[in-house]
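Me: I would like to learn how to read the features of a protein model, one at a time. Please give the general idea where there is one, and then the case at hand.

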Amino acid sequence: MTNATPNILFLFPDQWRWDWLGCHGAVGVRTPHLDALAARGVRFTHCRVNSPVCSPSRACLSTLRRYENAGVPDNRHNTVPEDALLWRGLRDQGYRVATCGKDDLHKADEAWSRDGWMPILGRYGFTEARAHAGKWDAYGKGRKNLPELFTTRLAQEGLLPAYFAAMDLQGRDKTALPGAVTWPLPERLHTDSVCGANACALIEAFPAEGPWALWVNFPGPHEPHDPPGAYAAKYADADFPQPVSARGEAAEHLHRRRQYAANCEHIDTWIGRILDAVERRGETGNTLVVLASDHGDMMGDHGRYHKSVAHEGSLRVPCIVAGPGVERRGTSSALVELIDLGATILEAAGMPRDQLREARPLWPLLRGSGDDRTHRSHQCAALRDWRSVTTATHKLVADPSGIRLYDLVADPGETADVAAAHPDLVADLAART
């Protein structure tokens, strides 16, 4: 195998906001393995998703199309298999293509499988899988006694009733701070541990010949923020900044942020183990590693948690690329859309650039020959009835209530609408929505 056909390791945790990395330095979260990965490649500081909800975002990534053209308006719709250019393209380029964890390409399906393989995954382009549902979907399927890998594993261990009891508590007991409780079962059975262990197993099982691609879909740090006890203990006394324009109790925000950070560090530990599995194969030098997320988490900013809005906490995600052909550039401020990562992977696999739809590969920037300022002049995102356009300095948001403009340089927290002061800029950006 040569660098012309690198392996692809695509690390894709769910709901990880851009500033919750140790190397970002904004908050006190520890992510040593991701920090080390960033140090040997490029960390893009202004990567935004095309739609900040699970299924639409993953559809955009998989089809290399922006929201309006990806065919998935919300979580009630599946990605059309024939449109999944990223995974089908890798398979057609001769790759073994695997996925594990929460892919959410077929989120609307009720019944899955107990071993993580479903025929629809083959139609998307995957050749093997150990897929399981996300945190709340796994709970829902388990309550209905529907087949699903994660709840099957808990049932085999005799721990399904304890799991149900813990998840039930999330919805009915306000004293438990819904969305932020400690995982009550063994750490090895946490949903992110199961995903990480399956990733390692898939890597170990790949044949020695031919390139492989693995999409690792950690269900966390998506809520409920439920780190294993050992990780929660690390942050029990940690201090974190309060949210922007916070509402509600400071103690609750602090608790949620501690639990979220603990979830992130737990996933980072598994990322280290996954990278070790690649190293044991002797393939670190020929494996392109990409880290991103499907959307962020508001973490209390503007009185909100979770995602689905056009604010930075929801739209902006971490983005790291390292591996063969990637210079150690440190950080890049280029305006990167999530779909650009799909194009970067496919171009590395040998697909011609003119087949990459609406996405733009990052290779000029990764090789140090591109200009951060010219990769994109603006980024587009959308969901249901709102649209946003973001430049290096401003963000326009258009929804049924009207149009707002934020100066991201002077006001990174997006607290003041400056549309009235910049009518020409508003008109220019509005024309791009």
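Me: Which residue in β6 is the bridge partner of Thr-99?

Reply: The model is a predicted one. In β6, Thr-99 has Trp-215 as its bridge partner. The strands concerned are β4 (residues 96-101) and β6 (residues 212-217), which run parallel and are joined by 6 bridges.

Me: What is the strand order of the open sheet of 8 strands?

Reply: The order reads β5-β4-β6-β1-β7-β9-β2-β10, and the pairing is mixed. At the edges are β5 (128-131) and β10 (330-332), each of which pairs on one side only. On average, neighbouring strands of this sheet are turned by 15 degrees against each other, ignoring direction.

Me: How do I read a nonpolar core, and which residues have the most contacts inside the largest one?

Reply: In soluble globular proteins, nonpolar side chains tend to be buried together. Here the largest nonpolar core has 80 residues, and those with the most contacts inside it are Phe-10, Phe-44, Trp-87, Leu-90 and Tyr-163. Helix α13 (residues 338-348) gives the most to this core, namely 7 residues. There is also a second, separate core of 44 residues, which includes Phe-206, Phe-240, Ile-271 and Leu-291.

Me: Which residues does Phe-10 touch, not counting those up to four places away in sequence?

Reply: With that exclusion, Phe-10 touches Leu-61, Trp-87, Leu-214, Trp-215, Val-216, Val-290, Ala-292 and Ile-345. Trp-215 has already come up as the bridge partner of Thr-99.

Me: How is the packing of two helices described, and at what angle do α7 and α9 pack?

Reply: Two packed helices are described by the angle between their axes and the distance between the axes. For α7 (residues 149-156) and α9 (residues 191-205), the angle is about 105 degrees and the axes are 11 Å apart. Angles of 65 to 115 degrees count as roughly perpendicular, so α7 and α9 are roughly perpendicular to each other. Leu-149, Phe-150 and Arg-153 in α7 meet Thr-191, Val-194 and Asn-198 in α9. By type, the residues of this contact are 3 nonpolar, 2 polar and 1 charged.

Me: How far apart are the axes of α2 and α4?

Reply: The axes of α2 (residues 54-63) and α4 (residues 85-92) are 6 Å apart, and these helices pack at an angle of about 35 degrees. From α2, Leu-61, Ser-62 and Thr-63 meet Leu-85, Leu-86 and Trp-87 of α4. The residues of this contact divide into 4 nonpolar, 2 polar and no charged. Leu-61 and Trp-87 are also among the residues that Phe-10 touches.

Me: What should I look for in the backbone angles?

Reply: Most residues other than glycine have a negative phi, and most peptide bonds are trans. In this model, a cis peptide bond joins Gly-220 and Pro-221, with omega about 5 degrees. The bond from Glu-223 to Pro-224 is also cis, with omega near 0 degrees. Pro-221 sits in the loop between β6 and α10 (229-234), and Pro-224 is found in the loop between β6 and α10 as well.

Conventions:
Residues numbered from 1 in each chain as written. Predicted model: local features only at pLDDT ≥ 70, side-chain atom pairs only at ≥ 80, totals over all residues. Heavy atoms only, no water. Core = buried A, V, L, I, M, F, W, Y, C linked by side-chain atoms within 4.5 Å. Buried < 20%, exposed > 50% of the residue type's maximum accessible area, 1.4 Å probe, protein only. Helix = DSSP H or I, 4+ residues; strand = E, 2+ residues; numbered from the N terminus. Contact = heavy atoms within 4.5 Å. Axes fitted to C-alpha atoms, helices over the stretch in contact; angles between N-to-C directions. Parallel < 35°, antiparallel > 145°, perpendicular 65-115°, else oblique. Nonpolar A, V, L, I, M, F, W, Y, C, P; charged D, E, K, R; others polar. Pairing = 2+ DSSP bridges.
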